[in-house]
Amino acid sequence: MTEQGWREATERALYGPEGFYLRPEGPAGHFRTSVHASPLFAAAVARLLCRVDVALGRPEVLDFVDLGAGRGELVRGVLAALPAGVEARTRAYAVELADRPEGLDGRIAWRTGVPAEVTGLLFANEWLDNVPVDVAETDRAGVPRLVLVAPDGTERLGEPVMGAEADWLARWWPAAAEEGLRAEIGLPRDRAWADAVGRVQRGLAVAVDYAHTLGIRPPFGTLTGFRAGRETAPVPDGTCDITAHVALDACAAAVSGHGTPRLLTQREALRALDVTGARPPLTLATTDPAAYVRALADAGAAAELTAPGGLGDFGWLLQPVGLPESPL
């Protein structure tokens, strides 16, 4: 049985021939993101794009890049929520390795990579958590070693972590010399994020994901799997998603030469984009019952998107590029 590091095994299981992310049902067949939870999320991203548009001085062409687009759910929702004057100038891209879905809006360009130059908003919703990473585990001598995994999920410890990966652990996930402690080595995500931001000429790059920061790293890591809506053991055989939370602070530090990055919770970000979860006034139930029911449903959806202990705790990393001020 062939053993590999988790990064290589995950790459094959998610993106190789017949990999999980190339399956016909797409990610939505196995787990629910903020995009799937409510159209309020896409509407909020559309409002953010409008703010970026204003900050850029309303350019002739405004780019919106949905990085890790799934089957295009977010980019479709953003286009539908934009004011006509902004929508007419928006050039929309969906970046995904899977084939273009049938019937996708012809205004949306489907690509396997980020355009070389972006002026506008690059939005990566739950993309970085699926950039494969290696896993380290501390042995009985206190030495972090690479975890090797077989296709059936069986693990054993390999060689000590060395070089740039060891440097990353020392800076971003230092652990006590206690046997069994684990960490995900986020260096590939730092590089992927820096490359994506490097394509933005002017505008804003946003990464939204399960996240943790230095000082509160989980001692046993976060590597897990999802299949058919349920969390499951991560097995790199192509039948389940394999994901791990993101060290967004390390990703932020990997980008240089641009504006100051910001880290927010999704709750903070969406409230700043007018998704509050506030209940409608009871008087509306008397004057316009149908509107009251709609507003009540929106309040419930907004509450889910901003809930502590749930979607509201997601991290938002905002990286402005060439903007005089932050649009959020």
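**Helix packing and pockets**

Reply: H3 passes H4 in a right-handed crossing (the near helix is turned clockwise from the far one by less than a right angle). The model is predicted: local features need pLDDT of at least 70, side-chain atom pairs need 80 or more, and totals for chains, interfaces and linings use all residues. Numbering starts at 1 along each chain as its sequence is written, and side-chain values use heavy atoms, without hydrogens or water.

Me: Which residues of H3 and H4 make the contact?

Reply: From H3, Phe41, Ala42, Ala43, Val45, Ala46 and Leu49. From H4, Leu74, Gly77, Val78 and Ala81. Contact means heavy atoms within 4.5 Å.

Me: And the volume of the largest pocket, what is it?

Reply: About 640 Å³, the space filled by probe spheres set on the grid points, which are joined across faces, edges and corners. A pocket is an open set of points on a 1 Å grid over the protein atoms alone, where a 1.4 Å probe fits, with protein on both sides within 12 Å along at least five of seven lines; lining residues have an atom within 4 Å of a point.

Me: Which residues lie nearest the centre of the second largest pocket?

Reply: Trp173, Pro174, Ala175, Ala176 and Ala183, among 21 lining residues. The second largest pocket has a volume of about 270 Å³.

Methods
Helices (H or I, at least four residues) and strands (E, at least two) are DSSP runs, numbered from the N terminus.
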